[in-house]
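User: Please go through this structure with me, one point at a time.

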Amino acid sequence: MRYQTKKSFPSDFLWGASTSAYQVEGAYLEDGKSPSIIDMYEHPKDTADFKIASDHYHRYKEDIKLFAEMGMKAYRFSIAWTRIIPDGTGSINEPGVAYYRDMIAECRKYGIEPIVTMYHFDLPYCLEEKGGWNNRDTIDAFVNYAETLFELYGKEVRYWLTINEQNTMILHPGAIGLPKGGKLPTKKELYQQNHHMMLAQARVMKLFHTMVPDGKIGPALNLTAMYPATCKPEDAIAAHNWEAIRCWNFADVPVFGTYHPLAFAYMQDRNIEPEILPGDMDILKGANPDFIAMNYYSTATIAASRNDGSDVAARAGDQQIMLGEEGIYRPEENPYVEKTKYGWVIDPVGFRYTLRKVYERYHLPILVTENGIGAPDILEDGKIHDDYRIDFLEKHLEQMKLAITDGVEMLGYCPWSAIDVVSTHQGYQKRYGFIYVDRDEFDLKEMKRYPKDSYYWYQKVIAENGESL
Ligand code: BGP
């Protein structure tokens with residue numbers, strides 16, 4: 001739809017940027033922190049690990065000052081469970097508590113709204129050893145951790161995200177690394193884990209609304225609209241299959257308290273549906289998220305399954321993410337979109353399309369918690385000319401403005417990432433930040449910070465509240 005007038009961004013729009021604890025903090029065993037699954041899983045050997053990362057743990061004041069100078073109105077970061085309750089369930093680790101208390105205060109000092117992710121891929125390893133999310137006790141552990149966070153920070157933090165990309169963890173478990181021995185859970189186990197996460201999340205949201213009545217909480221999912229490869233009806237059915245299984249099944253449960261009917265039929269047919277105990281469905285009802293947080297990178301194009309053993313393929317540049325499923329869907333190339341150096345589809349119009357679909361389905365405001373382009377940025381004479389990032393973000397923001405004009409209620413935009421962080425598979429070869437961290441995969445150098453060209457561009461966008469987009 002073409003409009004004569006585009007709507008403006010709301011005056012209190014949360015212009016921000018994101019990071020996650022294990023990718024930015026470093027200090028992976030410092031001040032009482034215990035290892036998380038991310039610290040213990042196997043990752044590619046030729047890229048940086050997460051032990052030191054961007055050393056945000058020691059340099060957060062310098063970093064937040066730079067964020068403030070860029071004009072950021074919100075900073076989305078995650079709290080590491082392993083810093084707050086190192087043994088997963090027991091006593092509270094004061095230095096970890098103090099770290100986040102100080103970081104939140106530092107944000108507030110500059111008028112930056114902290115947006116906290118409670119769990120970003122980093123389950124305490126000690127809980128994993130007891131069965132992790134296969135074990136129903138992990139539900140209580142997560143609720144206890146959440147209650148601790150709300151008590152500690154509920155007065156200072158208004159925006160909370162429960163679990164980052166639950167759908168990625170369940171559908172592409174290899175994406176966050178391989179457990180020792182390389183054995184991934186079966187689909188049946190994964191959907192059981194998913195059910196336990198859903199129960200934990202619902203309990204946490206209900207608890208939140210009683211403990212932090214003025215705050216807002218939502219799930220943070222990786223959402224993306226699907227295109228049928230052609231107008232062949234079977235392609236449309238396949239695209240619908242995958243959209244339901246990949247996206248809506250994960251957002252329907254927190255919002256409606258029920259699994260998506262098509263996705264549930266799929267699980268039952270393949271005998272991978274979770275065991276649902278009496279009372280579970282009551283727990284799932286009435287969680288009432290206040291918004292949907294959404295990570296958006298690209299769209300997918302889908303054709304009917306051939307069901308001849310050829311439907312499954314690795315995502316471009318990423319052997320750990322497999323796409324396609326026999327009898328369900330197969331991934332197809334989209335000739336109308338470009339791709340990043342790492343084979344990820346670049347689709348700003350697909351962003352608008354996804355926002356429209358999400359809003360139409362859930363009628364909840366949307367907070368974009370990730371969006372961005374990974375690239376091997378080059379530092380030259382203290383400058384980083386990342387015009388490709390400016391181009392990427394600008395086009396996505398233009399489409400978001402159109403989505404707002406379409407009637408989609410938007411809370412904010414927090415692209416990935418505020419500062420360079422370790423990419424889960426490509427270390428520091430693949431960067432996303434507005435601020436460059438001068439380190440290599442293995443040579444840490446001084447880790448000096450350099451604002452990139454995109455930093456100054458975003459500064460301007462924020463200052464004018466996106467008016468000239
Ligand atoms: C999302 C994760 C982020 C981040 C991002 C980029 O799925 O929530 O933590 O890693 O993807 O991914 P990558 O670093 O693999 O390019």
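**Ligand site and local geometry**

User: Which residue has a side-chain N or O atom 3.0 Å from an oxygen atom of the ligand?

Analyst: The model is predicted, so local features need pLDDT of at least 70 and side-chain atom pairs pLDDT 80 or more, while totals for chains, interfaces and linings use all residues. Residues are numbered from 1 along each chain as its sequence is written, and side-chain values use heavy atoms, with hydrogens and water left out. A polar contact is a pair of N or O atoms within 3.5 Å. The residue at 3.0 Å from the ligand oxygen is Ser423.

User: What distance separates an oxygen atom of the ligand from a side-chain N or O atom of Glu165?

Analyst: Among the closest of the 14 residues that surround the ligand are His120 and Glu165; a residue counts as near if one of its heavy atoms lies within 4 Å. For the His120 side chain, the N or O atom is 2.8 Å from a ligand oxygen. For Glu165, the distance is 2.7 Å.

User: What is the angle between the ring planes of Tyr227 and Tyr353?

Analyst: The structure holds 33 aromatic pairs, with ring centres of Phe, Tyr or Trp (its six-membered ring) within 6.5 Å. Tyr227 and Tyr353 are 5.8 Å apart, centre to centre. The pair is stacked, a term for planes under 30 degrees apart. The angle here is 0°.

User: Which residue is joined to Trp416 by a cis peptide bond?

Analyst: Omega of this bond is about 10°. The partner is Ser417.

Terms used
Polar contact = N/O pair within 3.5 Å; in protein donor to acceptor, adjacent residues only side chain to side chain. Phe/Tyr/Trp six-rings, centres within 6.5 Å; stacked < 30°, edge-to-face > 60°.
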